[in-house]
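Here are my notes for a first look. Please keep the structure open while you go through the points.

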Amino acid sequence: MSRTASVSRKTNETSVSVTVNIDGTGTSTISTGVGFFDHMLDQLSRHSLIDMEIKTEGDLHVDDHHTVEDTGIAIGQAIAKALGDRRGITRYASLDLAMDETMTRAAVDVSGRPFLVWNVDFSAPKIGTFDTELVREFFNALAQHAGITLHIQNIYGANNHHISETCFKAVARVLRTATEIDPRQAGRVPSTKGSLA
């Protein structure tokens, strides 16, 4: 069964279209109008092996907030739609990810129950022109709309670009593992309740 989905979202602030393939190879076509964000989304796709086509047009004359948040919402909705009832998935994953001087930990439960625990501090309000507070906004939108419990902790780091990038890469890697089909599950929903959420 193909685990692919497309979502379109249009408001007075943004127009977003997203297509994902959970069982892809990490190829992406991304255009949000926010260069640093595009770079982070490319990392998310590449390291999760989830193919992503993302096109966002937002009110960037205001700021990047609506573009980042609404893109996170649409990606989350597309992932949730592609996973369906989440039958046969591994469900859980955690990882410590190193990049130069930075170490970030991510853990996920693809449970159908959305929650974000965010223990990441940036030493500056901007990375270039990008507001560092929007990194949390993106992951909150993703977790809420993908229906995942997501914990992200930056253990240490000095460079804010590296801190952000390790967050995206670590989340990508745990999503990759947790959404993979576990052959030992034999198609069962990975819960003693018989359903997730």
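Which residue is the bridge partner of Ser15 in strand 4? The points below begin with that pairing, and the model they describe is a predicted one.

1. **Strand 2 against strand 4.** The partner is Glu57: in strand 4, this residue bridges to Ser15. The pairing of strand 2 with strand 4 is antiparallel and covers eight bridges.

2. **Strand 1 against strand 2.** These two strands also run antiparallel, and seven bridges join them. Follow the pairs along strand 2: Ser17 stands opposite Ser8, and Val20 stands opposite Ala5. The link between strand 1 and strand 2 is a hairpin of three residues.

3. Four strands make up an open sheet with mixed pairing, in the order 1-2-4-3. Its edges are strand 1 (4–10) and strand 3 (28–31), each of which pairs on one side only. On average, neighbouring strands are turned by 5° against each other, direction ignored. Helix 1 (residues 35–48) packs on this sheet and touches strand 3 and strand 4 (51–58). The direction of helix 1 makes about 160° with that of strand 3. Helix 2 (residues 65–83) packs on the sheet as well, touching strand 1, strand 2 and strand 4. The direction of helix 2 makes about 35° with that of strand 2.

4. **Strand 6 and its partners.** Six of the eight residues of strand 6 (residues 102–109) are buried, so the strand is mostly covered. Strand 6 pairs with strand 5 (residues 92–99) in the antiparallel sense, over eight bridges. Thr102 in strand 6 is the bridge partner of Met99. Two residues lie between the strands in this hairpin, where Asp100 takes a positive phi near 55°. Strand 6 is also joined to strand 10 (residues 149–156) by seven bridges, again antiparallel. There, Arg105 stands opposite Gln153 in strand 10.

5. **Helix 4.** This helix (residues 160–179) has 20 residues. From first C-alpha to last it reaches 29 Å, close to the 28 Å expected. Asn159 caps the N-terminal end of helix 4, with a side-chain oxygen 2.9 Å from the backbone nitrogen of His161. Why is helix 4 described as largely enclosed by the rest of the structure? Because 16 of its 20 residues are buried.

6. **Ser164.** This serine sits in helix 4. Is Ser164 buried or exposed? Its relative accessible area is 0%. Buried means under 20%, so Ser164 counts as buried. Leaving out residues up to four places away in sequence, Ser164 touches Phe36, Met40, Phe122, Ile127 and Val135.

7. **The nonpolar core.** In soluble globular proteins, nonpolar side chains tend to be buried together. The largest nonpolar core here has 53 residues. Leu41, Ile75, Phe138, Phe139, Leu150, Ile152 and Val171 touch the most other members. Helix 4 gives the most to this core, with nine residues. Look at Leu150: its contacts beyond four places in sequence include Ala107, Val108, Phe115, Phe139 and Val171.

Note on methods: Residues numbered from 1 in each chain as written. Predicted model: local features only at pLDDT ≥ 70, side-chain atom pairs only at ≥ 80, totals over all residues. Heavy atoms only, no water. Expected span 1.5 Å × (residues − 1). Buried < 20%, exposed > 50% of the residue type's maximum accessible area, 1.4 Å probe, protein only. Polar contact = N/O pair within 3.5 Å; in protein donor to acceptor, adjacent residues only side chain to side chain. Contact = heavy atoms within 4.5 Å. Pairing = 2+ DSSP bridges. Axes fitted to C-alpha atoms, helices over the stretch in contact; angles between N-to-C directions. Core = buried A, V, L, I, M, F, W, Y, C linked by side-chain atoms within 4.5 Å.
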